[in-house]
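Take a look at the chain below, and keep the 3D view open while you read. We'll go through it one region at a time.

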Amino acid sequence: MATSMAAASGRFESAKSIEERKEQTRNARAEVLRQAKANFEKEERRKELKRLRGEDTWMLPDVNERIEQFSQKKKKKDKHSKKAKKEKKKKSKKQKYEKTNESSDSSSSSEDEWVEAVPSQTPDKEKAWKMGTAENQNKLFMRMASKFMGKTDGDYYTLDDMFVSKAAERECLGEEEENQRKKAIAEHRSLAAQMEKCLYCFDSSQFPKHLIVAIGVKVYLCLPNVRSLTEGHCLIVPLQHHRAATLLDEDIWEEIQMFRKSLVKMFEDKGLDCIFLETNMSMKKQYHMVYECIPLPKEVGDMAPIYFKKAIMESDEEWSMNKKLIDLSSKDIRKSVPRELPYFSVDFGLHGGFAHVIEDQHKFPHYFGKEIIGGMLDIEPRLWRKGIRESFEDQRKKALQFAQWWKPYDFTKSKNC
């Protein structure tokens, strides 16, 4: 019987068992490829059905006009930037050509004027002439080198040591710069990958445009792509990929507050309170910032601050480094929580609210705020934990209904926007 020695374990193995093992590996690979192909074909069929039903093109009429305006502005900007780049290129070429001409003229003139220097009788010129000797040049070199020697170790620190230490310093600086460059490239790549599949980036292919209700200058209002927690549940989202409110520019934050005021007024006229939630977690994954607005009945809205305060005090770590409960009634989240820290914030209408710096992200669920509201309204857990998918027709009806509510309070149609 043919046998072979297994090098790793040091035991005998028959050729038959080796062949069986190889066959199993081949079958496993074939199964993985078959599954991947099936998933790809399923996704393509789903996209084709969406296209046939018009899901990828249907939008509210006002939103469609706004997106066309954005595309026209973008085209104009692209044309202007291309023109500016061409002009800059021409200008740099012209400057280079002029510099080369000047240098060639100066070199030719210097060749014509070069004459061997002769020491004159004046003391200054005599001193300058003396510096030309080898001994004086060595003295000058030693004097200049002593300026860079830094700390010396008595008589044992020589000029050679100084050159070695300086070279080592330069090498360390070069390594540090290279590490920083690699880190920046890795961050850029991870952000680009995240933006490609982001559900909220305006330029993303995954972006559900049929759920947009209004578009401002740098912020838009849309509805969730799963079943709403309550009727009127909506999202305020920046157009560009920003991770948290603490990292936003002033103009974006002001526009978010304008949307917030309009929503509060709209729900007040319907006899409802509203709560605004933001959860900023997993900073490395760089998720898109979402500011959720959830309307509640008046009697439940009045009790909401008590529920949230108790839940925040009992959440996360028992012994925390940061203040457990941050009051947002006197100042907003950007002035209360340091940048680059994970946090949860809740605002009650226009009356401020609470914030909490998340100590342990493994113990703090991403659905924390919605879980509290779910408990207050006795909503089934699967609605706030992962969300229930909706059909395109249900989402379209939801968008049309919300657009009718929003129309009298829509400030994005003003000339400023």
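## What lines the cavity

The lining of the largest cavity is made up of eleven nonpolar residues, one polar residue and no charged ones. Bear in mind that this is a predicted model. The residues around that space are L199, Y200, F207, P208, L211, I212, Y220, C222, L223, P224, N225 and L235. How does one find such a space at all? Rolling a probe the size of a water molecule over the atoms shows where empty space is left.

The largest cavity has a volume of about 80 Å³. If you count cavities of 30 Å³ or more, you get one.

## A closer look at L211

One of the lining residues is L211, so let's stop there, because its relative accessible area of 0% makes L211 buried. You'll find L211 in the loop between α5 (159-196) and β3. Setting aside neighbours within four places in sequence, L211 has contacts with C222, L223, P224, N225 and Q395.

How far apart are L211 and M59 in sequence and in space? They are 152 residues apart along the chain, and their C-alpha atoms are 7.5 Å apart.

## The chain as a whole

Time to zoom out. The chain has eleven helices and ten strands. It runs to 417 residues, and 32% of them count as buried. Take the contacts between residues at least 6 apart in sequence: 63% of these join residues at least 24 apart.

## An open sheet

Eight strands come together in an open sheet, with antiparallel pairing, and the order is β3-β4-β5-β7-β6-β9-β10-β8.

β9 covers residues 343-348, and six of its six residues are buried. In a regular strand the side chains alternate between the two faces of the sheet. Here Y343, S345 and D347 point one way, while F344, V346 and F348 point the other way, and all are buried.

β9 has partners to look at in turn. Strand β6 (residues 272-280) runs antiparallel to β9 and is joined to it by six bridges; in one of the pairings, L277 has V346 of β9 as its bridge partner. Strand β10 (residues 353-357) is also antiparallel to β9, with five bridges between them, and S345 stands opposite A355 of β10. Between β9 and β10 the hairpin has four residues, and G349 takes a positive phi near 60° there.

## Helix α9, seen from its buried side

Which residues of α9 are buried? They are F368, G369, I372, I373, G374 and M376. An α-helix has 3.6 residues a turn, so residues three or four places apart point the same way. The elements covering the buried residues of α9 include β6, β7, α7 (298-314), β9 and α10 (381-385).

Most residues other than glycine have a negative phi, and most peptide bonds are trans. Just after α9 comes D378, with a positive phi of about 55°, and D378 is a residue other than glycine. D378 belongs to the loop between α9 and α10. Is D378 buried or exposed? Its relative accessible area is 70%, so D378 is exposed.

E340 isn't a glycine either, yet it has a positive phi of about 70°. E340 is in the loop between α8 (333-336) and β9. With 46% relative accessibility, E340 counts as partly exposed, because that label covers the range between under 20% and over 50%.

## One last stop: S262

S262 is part of helix α6 (residues 250-269). Why does S262 count as buried? Because its relative accessibility is 13%, and buried means under 20%. Not counting residues up to four places away in sequence, S262 touches W406, Y409 and F411.

Notes:
Residues are numbered from 1 along each chain as its sequence is written. Side-chain values use heavy atoms; hydrogens and water are left out. Buried means under 20% relative accessible area, exposed over 50%, partly exposed in between (1.4 Å probe, protein chains only). Helices (H or I, at least four residues) and strands (E, at least two) are DSSP runs, numbered from the N terminus. Two strands pair if DSSP finds at least two bridges between them. Contact means heavy atoms within 4.5 Å. On a 1 Å grid over the protein atoms alone, a cavity is a set of points where a 1.4 Å probe fits but cannot get out, and a pocket is an open set with protein on both sides within 12 Å along at least five of seven lines; lining residues have an atom within 4 Å of a point. Grid points are joined across faces, edges and corners, and a volume is the space filled by probe spheres set on the points. Ala, Val, Leu, Ile, Met, Phe, Trp, Tyr, Cys and Pro count as nonpolar, Asp, Glu, Lys and Arg as charged, and the others, Gly among them, as polar.
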